Amino acid sequence: MVPLLVAVAVVVLRRHLSRRATWMLTLATSAAVVGLAATLLVEVHGGLHVYWFGGWTPRHGVALGVSFTVDPFGVLGACFAGLLVSAVVLVATRVEQFGALAHALLLVLLAAAVGFCLTGDLFNLFVFFELMSVCTIALIAVNTSDVRSLRGALHFAIVNSIGAFFVLIGIALLYARTGALNLAVMGQRLAAHPADQLVVTAFALIVVGFLVKAAIVPFHFWLVDAATAAPAPVAMLMVGLLDTLGLYAIARVYWTVFSGPLHAHLALVQSVLIGAGVATAILGALLCLVQPLATRRLAFVSISHSGLALIAIGLLNPIGLAGFGIYACADGATKAALFSLVRAPRRTRGREPGSSPGWHGGRVGAALVVLAAAGLAGLPPGGTYLAKGLLEDGASGWGRVLLGGLVLVVSALTAGAVLHLLIGRRAGGGTAPAAEPAATGRWSWPLLAAAGLIGGAFVLGVVPGLGAHSLSAATRFEDRPVYAGTVLGVPRPASPTSREVDLGVVPALLGVAATAAGWGLARYRPFDSSRDRRRPVGAAPPVPLRRLQQLHRGGIGDSAAWLTFGTATIGAVLALGIR
Amino acid sequence: MSILAYGVAAWLLLVGLWGIVNSRNLVHQVICVSVVQASTYVLLVAVGYRSGAVAPVFSGVRVGTIAVDPVVQALCLTDVVVGTTVTALLLALVVQWHKRTGSLDPDQVDDLDEQG
Amino acid sequence: MNVFVGLALVLVGVVGSLVVVIQDPLRQALTVSLFGILLGIVFFAVQAPDVALSEIVVGAVALPLMILLALAKLRGGVR
Amino acid sequence: MTPRTRRLLFLASAPVLGIVVVAGLVGLPRFGHSTAQYGRVLNAVSVPERHITDVVTAVNFDYRGVDTMGEEFIFFAAVAGVVLLLGTQADESPGHVEDAATGRWVPPTSDAVRVLGLALVGPTVLFAIYVIAHGHLTPGGGFQGGVVLATAVLLVYLAGEYQHLHGLYPDRAIEGLEAGGAAAYVALGIAGLALSGSFLANWAPLGKLGHLNSAGIVPILNVVVGAEIAAGFVLLLSAFLHQTLILRRHVRPPAPVDPHRRQP
């Protein structure tokens, strides 16, 4: 069943088809993946499914082959990947450089993402990880004449390669210790001993490798470069899919492999992950305010929200994870939709930019941007509202209050920044937003895709029982003994979990408040725009912010230096704390 | 001996990173990436070594002879392929970038970011 | 045998550092070739002939060749 | 950041990273004392059960065949990317080396090189085929053989002149070979699904240990991979050659953004 997904995707590699046929075929394939994943989701609802490639079932506790270990969360990821890629295919109709080869790459990327979500083997995870990277590199540079996207691709490629090497070193360490590559077997072997330095180093390296993909501070510089410049469809993939999958991998690896030995140090791991998440959320939210360039602003918005998602994982409990699942889908879809709506910068030197509206699709497009901003802020009944509610529910005591405040502030700031794209243009852009003639008010494919993504994100919030389902899936996700038992053919009964999710009114109020605050921020606060000549005094951002922004203008070498710094910090904190 | 094998892996990692951080030339930078990658090869192969053991190829060798670990070698082989292709892709990007800008400086910043 | 492995490892470390230190890409390409051969020798010495073979064909031949070709292009392009 | 602060940041954090990594490495078993169970088990079972004497090949193509499939697609995607990047752009056109703007004169290939090159093609091809075909018996396999095969093609380029010979290798056919190799891998996997019940499962007879046609589908996979890798490398190298020898731009590159950074 599962490998069919990969297989179907590959059929299209024969690329001697007309453009239209390629397009249809790609769309049909990704839709088929969604369908298959949905079927699978229904099928695995009761528990884990294990599939051994080549029929190599484990013997005496040794996993000979590679397994796909399918659980609801993983399938959800696969399903989401399929949906997003379908939307990307629709949006790509607008990008002329997106030829047959690019569509083929897109499908390979989809296959890799699906494999990444479902695999139960650490090295296999790495292979799919690399496959996703390589496809993305090639896709960013699809427009070979755009200097900025070439640079983005180089930046992405070098930094993510280093991240991948870190993961690989971690794998080598763990293999030498456990003598296995299957996640379940590794977890079982590691659980027999308390954590020592080898385990800590391996954990730090693997986590950093995936954090690079997720664009968490201080590993986020590549996203600023790459997402700003990449063609819209590829940027959608990066902010919607890749960062989500990076975070997913952290959760997966922690709960299947490391949770045994590291459980004794739960608070430490929590504080490292949440600390990185908080830093990311705040930095992204602050910096998105001072970006004049629309796509660059969105890049920071999405960095900020990745930080929130990392906090959800970092809570290291089922409620947080359930929140992450919903949040990743709803928020990822919204961010991707925004990237498809906002117009990419063009290389117009000397001419004052902003003479055309900053978004696609005329009025409908503008309305969609507003909706997306509301979604980002967590306005009920959006999916993000539900997710943020769960996220706040996952913390306790003072942490809960602080977290609620943080989420409120970050949501308001980012939503404000997005809304400002509209209002700022209208109020201070100089020229009136003369909508482009072709697409005014008409539903084009890209617009439809964006609407679908945003609509889907809102629908997620009203699906009855989604919270409870997600919670039970998350509980199962985190149950390492059951996971290992199922993989190795010694099934154990899962502890039944039935907990109703009752969020109360606070998250709803927070969501409304954040939306309102965002709106107000966009409307009245003249925080923007060095470009707005009529307000030269209020225009310059405060000095610390400018410093911070300066940091993001460095080259690839800067990125690598920060990568070293971040890895050293995370590694040292973990090592000192666990000693 | 232990220190030497694992130490060389760690050393290559750090030296390669240093090269990437300080590079003034994109081709140089890309080659440094492949040095970092070499550290993973060395580590993988070193992890599977058993002194006195034969290679995991049993043609002409009695089955049951102690051999070194084949799994890490397989992983390493995969890694070599991946590394090569990524390097090729990077070099192609560099060539294209140079064609468009006439520069090989990894730190060249586009001022478009500022003006919007 | 062990001495041999050790020697090869030290050489790999030294040449690896050289690859990084040398700033001129042309000479670097030649050093990379040497680096690839040395890595291949190490892999042979630790009983990994499969890896050694691929490292030699790739690291010592294909990779430097690509670098040289790229460099030729780059030199030709700069006026 | 200035290069100086960047270097300071790196120098401050690299030792810490080094200590963390080395402290982790200390926990490894001593060099030469690998005890990994997975490897031991596979060393023990692969010859009697799979009739494969090169266990590394067994791991790559049999036990962990999915990894290799992923690897093939990484290769495929990268080659696609390179072809995309280095293909003829809108503002470029094929030209002759002689009219290169650098004014360099390209010497014709000497006869000695031609003869030597052509003489080497035969043995190289033969060796490549040997390496691929014996992948399951001796060190080597589809990947190594594929690269060697690609160098054979390169020898032909070297012996002749690339511009003239380029037409002999239709890119389309080579691309087809490459994509076909990748697709065939998956097709073999699906055949396993249909015939033996799971993806990439063996369905061919195992044959007699040590014989060329033993080990089930592994040799077939090797051939398929060899074809893909060879075709892919030919594409890679000829993309670079193409750039170096043929393409000339009509227009000068746009002025660098910062005039101080302009190359001489």
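Colleague: In which order do the elements of chain C run from the N terminus on?

Modeller: They run α-α-α, and in this predicted model chain C accordingly has three helices and zero strands. The C-alpha atoms of chain C fill a box of roughly 50 × 25 × 10 Å along the principal axes, and 59% of its 79 residues count as buried. Among contacts in chain C between residues at least 6 apart in sequence, 48% join residues at least 24 apart.

Colleague: How should I read the packing of helix 3 of chain A and helix 13 of chain A?

Modeller: Two packed helices are described by the angle between their axes and by the distance between those axes. Here the axes of helix 3 (residues 72-91) and helix 13 (residues 318-341) of chain A come within 11 Å and cross at roughly 10°; because angles under 35 degrees count as roughly parallel, these two helices are roughly parallel to each other.

Colleague: Which residues make the contact?

Modeller: Helix 3 of chain A contributes Phe73(A), Leu76(A), Phe80(A), Leu84(A), Ala87(A) and Val91(A), while helix 13 of chain A contributes Gly325(A), Cys329(A), Ala333(A), Ala336(A) and Ser340(A). By class, nine of them are nonpolar, two are polar and none is charged. As a general idea, an α-helix has 3.6 residues a turn, so residues three or four places apart point the same way.

Colleague: What span should helix 6 of chain A have?

Modeller: At 1.5 Å a residue, its 32 residues (147-178) should span 46 Å, and the end C-alpha atoms of helix 6 are 46 Å apart, which agrees. Helix 6 of chain A is mostly covered, with 32 of its 32 residues buried, and just after this helix Gly179(A) takes a positive phi of about 65°.

Methods:
Residues are numbered from 1 along each chain as its sequence is written. Chains are lettered from A and ligands numbered from 1 in the order in which they are written. This is a predicted model: local features need pLDDT of at least 70, side-chain atom pairs count only at pLDDT 80 or more; totals for chains, interfaces and linings use all residues. Helices (H or I, at least four residues) and strands (E, at least two) are DSSP runs, numbered from the N terminus. The expected span of a helix is 1.5 Å times one less than its number of residues. A residue is buried if 20 or more other C-beta atoms lie within 10 Å of its own, exposed if 12 or fewer, and partly exposed in between; C-beta atoms are placed from the backbone. Two residues are in contact if their C-beta atoms, placed from the backbone, lie within 7 Å. Axes are lines fitted to C-alpha atoms, for helices over the stretch in contact, and angles run from 0 to 180 degrees between N-to-C directions. Angles under 35 degrees count as roughly parallel, over 145 as roughly antiparallel, 65 to 115 as roughly perpendicular and the rest as oblique. Ala, Val, Leu, Ile, Met, Phe, Trp, Tyr, Cys and Pro count as nonpolar, Asp, Glu, Lys and Arg as charged, and the others, Gly among them, as polar.
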